Amino acid sequence: MRDKTHSNRWPLWIGPIALCLIASGCKPDESPFRAENDALKKQVTKQESLLSSLQDGNRVMQQQIDLLNQELRDAKKATESAKIETKQMTDQLETQLAQTKRMNAEIQRTAAAQAAQNLKVDEKGAQFDTLPRPLGAVAKVVEEALARNGYQLKVSIKTDQKAIYITERKVSNPASLEVAGFRNQYLISLQVLPANVTKLGVKAEFEKVAQGGRILTVSAEETAEIERRLIGEISKALEAPSKT
């Protein structure tokens with residue numbers, strides 16, 4: 001009976017043992033998943049660190065960009081301010097230059113007028129003529145005639161009412177005025193008269209030069225002839241169509 005009872009209990013233990021063995025044999029091995037999870041966590045941590053570093057770098061870069069943009073804005077403002085200041089200074093300088101030119105011109109006119117008033121011209125023995133032209137037109141023709149005949153001006157004074165020319169003394173032989181071996185110097189005066197008329201006065205310091213540089217006596221008529229030649233040339237030039 002004891003043996004039979006013991007043999008009957010054995011099948012009762014087989015079931016639980018078998019279940020334990022089955023349960024033990026079917027349980028999955030979690031070690032590969034855990035390792036992969038750990039690796040993934042490390043990668044995530046590394047990526048987060050890299051992302052944080054990039055974000056920090058971006059913030060620093062943005063700060064540098066903002067600083068550069070501010071410097072550019074400041075430089076642009078400074079440049080615009082410098083341009084405005086330069087333009088203001090240029091305008092001021094141009095205004096000052098214009099004022100200086102006007103003052104110089106006024107001083108020259110005043111000086112010329114005073115010089116013309118104070119200059120004592122000895123017109124004794126000069127030849128005169130009245131020309132129906134304004135002083136400016138006559139003065140221009142006089143200057144052209146003197147230059148055409150090789151005379152350089154030593155003194156030239158012009159005002160609204162008067163003009164005086166004194167030439168350098170020269171030796172020449174222009175066919176229209178003199179002959180070879182003569183030396184001459186002109187004093188020419190212009191004065192405004194009523195009705196837009198100009199009074200022309202021509203005085204010549206005319207000399208004959210002989211061999212060896214000896215000065216010969218010249219008659220008053222010979223000198224007057226030289227003076228009349230210049231007056232005639234001036235009158236002829238004024239009558240030309242281009243001078244009307």
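These questions and answers walk through a predicted model, from its overall makeup to single residues.

Student: How are residues numbered, and which atoms count?

Tutor: Numbering starts from 1 along each chain as its sequence is written, and side-chain values use heavy atoms, with hydrogens and water left out. Because the model is predicted, local features need pLDDT of at least 70 and side-chain atom pairs count only at pLDDT 80 or more, while totals for chains, interfaces and linings use all residues.

Student: How many helices and strands does the protein have?

Tutor: Helices (H or I, at least four residues) and strands (E, at least two) are DSSP runs, numbered from the N terminus. Along the sequence they follow the pattern α-α-β-α-β-β-β-β-β-β-β-β-α. The total is four helices and nine strands.

Student: What percentage of the residues is buried?

Tutor: Buried means under 20% relative accessible area, exposed over 50%, and partly exposed in between (1.4 Å probe, protein chains only). The protein has 244 residues. Of these, the buried share is 22%.

Student: Among contacts between residues at least 6 apart in sequence, what percentage joins residues at least 24 apart?

Tutor: A contact means heavy atoms within 4.5 Å. The count takes contacts between residues at least 6 apart in sequence. Those joining residues at least 24 apart come to 57%.

Student: In what order do the five strands of the open sheet lie?

Tutor: Two strands pair if DSSP finds at least two bridges between them. The pairing here is antiparallel. The edge strands, each pairing on one side only, are E1 (127-131) and E2 (153-158). From one strand to the next, the twist averages 10°. The order is E1-E7-E6-E3-E2.

Student: Which residue in E7 stands opposite Leu131?

Tutor: E1 and E7 (residues 197-204) run antiparallel. Five bridges join them. Opposite Leu131 stands Thr198.

Student: What angle does the direction of helix H3 make with that of E6?

Tutor: Axes are lines fitted to C-alpha atoms, for helices over the stretch in contact, and angles run from 0 to 180 degrees between N-to-C directions. H3 (residues 135-148) packs on the sheet and touches E1, E2, E3 (162-167), E6 (186-193) and E7. Its direction makes an angle with that of E6 of about 165°.

Student: Which strands does helix H4 touch?

Tutor: H4 (residues 220-239) also packs on the sheet. Its direction makes about 15° with that of E1. The strands touched are E1, E6 and E7.

Student: Is Ser189 buried or exposed?

Tutor: Ser189 is in strand E6. Leaving aside neighbours within four places in sequence, Ser189 is in contact with Glu123, Ala163, Lys199, Leu200 and Gly201. Its relative accessibility is 9%, so Ser189 counts as buried.

Student: Which residue lies over the face of Phe128?

Tutor: A charge sits over a ring if NZ of Lys or CZ of Arg is within 6 Å of the ring centre and within 35 degrees of the ring normal. One such case is Lys170, whose charged end sits over the ring of Tyr151, 4.4 Å from its centre. Over the face of Phe128, at 4.8 Å from the ring centre, lies Lys199.

Student: How many salt bridges are there?

Tutor: A salt bridge is a side-chain nitrogen of Lys or Arg within 4 Å of a carboxyl oxygen of Asp or Glu. One of them joins Asp91 and Lys87 (3.0 Å, N to O). These two are four residues apart in helix H2 (residues 31-118), so about one helical turn separates them. The count is 10.

Student: Which residues are linked with Glu225 in a network of salt bridges?

Tutor: Glu225 meets Arg228 at 3.3 Å, N to O, and Arg229 at 3.6 Å, N to O. Arg228 lies three residues from Glu225 in helix H4, and Arg229 lies four residues from Glu225 in H4. The residues linked with Glu225 are Glu221, Arg228 and Arg229.

Student: How far apart in space are Lys124 and Lys203?

Tutor: Lys124 is in the loop between H2 and E1. At 70% relative accessibility, Lys124 counts as exposed. Lys124 and Lys203 are 79 residues apart in sequence. In space, C-alpha to C-alpha, they are apart by 8.2 Å.
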